[in-house]
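Have the model open while you read.

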Amino acid sequence: MKRLLFSFAALLVLFITSCSNFSSIEKHRIGLPEQGDSVMHIFTNQSEQELSFLHLQAGPLTRRDMRSKVYATLKDRMLATVNDPGNPGVGIAAPQVGISKQLIAVQRFDKDGEPFEFYVNPVIEKYSPTQKWGWEGCLSVPGKRDTVLRSTQVIISYRDPVSWDMQCDTVDGFTAVIFQHETDHLNGKLYID
Ligand SMILES: [Zn+2]
């Protein structure tokens with residue numbers, strides 16, 4: 001009886017950790033946990049099909065997604081992709097790797113050690129009226145750079161992946177520009193649009 005209960009509990013844990021709202025195509029793109037340190041294919045404007053995918057509105061992540069291995073692997077692989085020495089970036093959004101979910105990684109140039117941090121379901125709550133023109137590039141628009149007018153400060157909200165509480169942060173300068181660029185991706189907008 002004890003053994004039966006144990007097997008049932010193990011099965012339940014397996015079921016819960018394997019449940020997520022990622023589609024089968026997305027799961028296939030994300031791959032297995034063993035591939036965590038490998039670079040993902042980046043969707044670019046060079047392909048009409050990929051460009052129309054980049055123009056989609058991304059869907060929110062759920063609390064259940066947070067507990068899935070698929071989510072953990074996606075984070076690992078997005079980090080490997082944005083840190084690719086051959087094609088590095090300062091931020092990346094899940095739609096750029098073919099995952100239509102509200103997840104971004106931003107290099108926090110305003111923090112010690114300039115770490116990459118992930119944000120779940122991020123929303124820009126407030127754009128400062130003060131704006132500045134600055135140069136931008138995008139991993140999904142290879143070989144191009146252009147100037148974009150952006151707010152110099154933003155207030156962002158996002159979900160804490162563990163407590164699922166709403167968090168807020170005020171961000172300035174170049175890091176604020178990255179947040180605007182990456183959240184635009186979640187709303188199907190490229191900086192060239
Ligand atoms: Zn971009």
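1. Start at Tyr127: its bridge partner in S6 is Val154. Further along, Val123 sits opposite Ser157 of S6. These belong to strand S3 (residues 116-127) and strand S6 (residues 153-159), an antiparallel pair joined by 5 bridges. Two strands count as paired if DSSP finds at least two bridges between them. Helices (H or I, at least four residues) and strands (E, at least two) are DSSP runs, numbered from the N terminus.

2. Before going on, note that this is a predicted model: local features need pLDDT of at least 70, side-chain atom pairs count only at pLDDT 80 or more, and totals for chains, interfaces and linings use all residues. Residue numbers start from 1 along each chain as its sequence is written.

3. S6 also runs antiparallel to S7, with 7 bridges between them. Here Gln153 stands opposite Asp172 in S7. The hairpin of S6 and S7 has 6 residues between the strands, and Trp164 takes a positive phi near 65 degrees there.

4. Now zoom out to the sheet. It is open, has 5 strands in the order S1-S2-S3-S6-S7, and pairs antiparallel. Strand S1 (91-93) and strand S7 (166-172) are the edges, each pairing on one side only. From one strand to the next the twist averages 40 degrees (axes are lines fitted to C-alpha atoms, for helices over the stretch in contact, and angles run from 0 to 180 degrees between N-to-C directions).

5. Which helices lie on the sheet? Helix H5 (residues 69-82) packs on it, touching S1, strand S2 (103-107) and S3, and its direction makes about 135 degrees with that of S1. Helix H6 (residues 173-186) packs on it too, touching S1, S2, S3, S6 and S7, at about 160 degrees to the direction of S2. Contact means that C-beta atoms, placed from the backbone, lie within 7 Å.

6. Overall, the protein has 6 helices and 7 strands. Reading from the N terminus, the elements go α-α-α-α-α-β-β-β-β-β-β-β-α. The radius of gyration is 18 Å, close to the 16 Å that the globule rule gives for 193 residues, so the protein is as compact as a globular protein of that length. That radius is taken over C-alpha atoms, and the rule is 2.2 Å times the number of residues to the power 0.38.

Key. Contact = placed C-beta atoms within 7 Å.
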